Amino acid sequence: MIRLLFIGDVVGRSGRAVVLEQVPLLRDRWELDFVVVNGENAAGGFGLTETIFEDFISCGVDAVTLGNHAFDQREALVFIERQPRLIRPANFPPGTPGRGAAMIESEGGARLLIVNVMGRIFMEALDDPFATVKRELRAWPLREACDASLVDFHAEASSEKWAFGHFVDGKASLVVGTHTHTPSADHRILAGGTGFISDVGMTGDYDSVIGMEKDEPLRRFTLRIPSGRLEPAGGPATLCAIAAEIGPDGLTKAIAPVRIGGVLSPAKPDFWA
Ligand SMILES: [Fe+2]
Ligand SMILES: [Fe+2]
């Protein structure tokens, strides 16, 4: 059995703090094989710096995925090339620095394929995420080239995420939706054995507007006049994650949401008591 924890979009300093505090504890307590984090909002809400990336890796994170904010910090265009555990959307245009998929190995020797991809509904125009992931999964087939595979489907529309889950059902171990910053209650195992949730939710302060201080978004919604910068909310963060246990056949046997700290109601898997 492979035990995997995927942590949703980490927003700003308070999001980072709960990750740095909880990942070492949870790794140990739940005997996790893999911890993967979406880090697209880790640096002040916009992108990721190399220092933050390295802090994540040092605290026990195995790999970091991204999204539409991948290159908001310009330095990411450079350091992504020397960080094989940093993964940006696979359907960015050819020539974009970095990689859209990576294979990592656990201490016990299990191989996990991680693919990051972006949806296209209400988002920027990119290559077809369905065809892109199909190609990646064919190149690294489950049970042959890897023991487990995880797709971080970074998208706005639930419909696109559900459709994608069914599209790879039985061919990927786990599909986790990211980007909306709001956890959904639809985690489940699909008919073919793929674990699925349409959105893991963010790891940040929920007394906010999707992780940002409330005042500026409220001004923009009510007056249509931007008058300041969007800043991450600084109150205690909720760590939002999905816990999954993957069997020897590469399919998910158990899946549960994780919520720790902050203003959301707590949740943890009962299968790792
Ligand atoms: Fe995000
Ligand atoms: Fe995003």
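**View 1. Phe 6 stands opposite Ile 242 in S11.** The model is predicted: local features need pLDDT of at least 70 and side-chain atom pairs pLDDT 80 or more, whereas totals for chains, interfaces and linings use all residues. Residues are numbered from 1 along each chain as its sequence is written, and side-chain values use heavy atoms, without hydrogens and water. Strand S1 (residues 2-7) runs antiparallel to S11, joined by six bridges. Strands are DSSP runs (E, at least two residues), numbered from the N terminus; two of them pair if DSSP finds at least two bridges between them.

**View 2. S11 and S12 form a hairpin with five residues between them.** In the turn, Gly 250 has a positive phi of about 80 degrees. Eight bridges join S11 to the antiparallel strand S12 (residues 252-260), and Ala 244 stands opposite Ile 255 in S12.

**View 3. Both faces of S11 are covered.** Eight of the eight residues of S11 (residues 239-246) are buried, that is, under 20% relative accessible area with a 1.4 Å probe and protein chains only. Leu 239, Ala 241, Ala 243 and Glu 245 lie on one side, and Cys 240, Ile 242, Ala 244 and Ile 246 on the other. In a regular strand, side chains alternate between the two faces of the sheet.

**View 4. About 40 Å³ of space lies in the largest cavity.** A cavity is a set of points on a 1 Å grid where a 1.4 Å probe fits but cannot get out; lining residues have an atom within 4 Å of a point. The volume is the space filled by probe spheres set on the points. Among the lining residues are Ile 197, Val 200 and Ala 241. S12 gives the most to the lining, with three residues.

Notes: Chains are lettered from A and ligands numbered from 1 in the order in which they are written. Buried means under 20% relative accessible area, exposed over 50%, partly exposed in between (1.4 Å probe, protein chains only). Helices (H or I, at least four residues) and strands (E, at least two) are DSSP runs, numbered from the N terminus. On a 1 Å grid over the protein atoms alone, a cavity is a set of points where a 1.4 Å probe fits but cannot get out, and a pocket is an open set with protein on both sides within 12 Å along at least five of seven lines; lining residues have an atom within 4 Å of a point.
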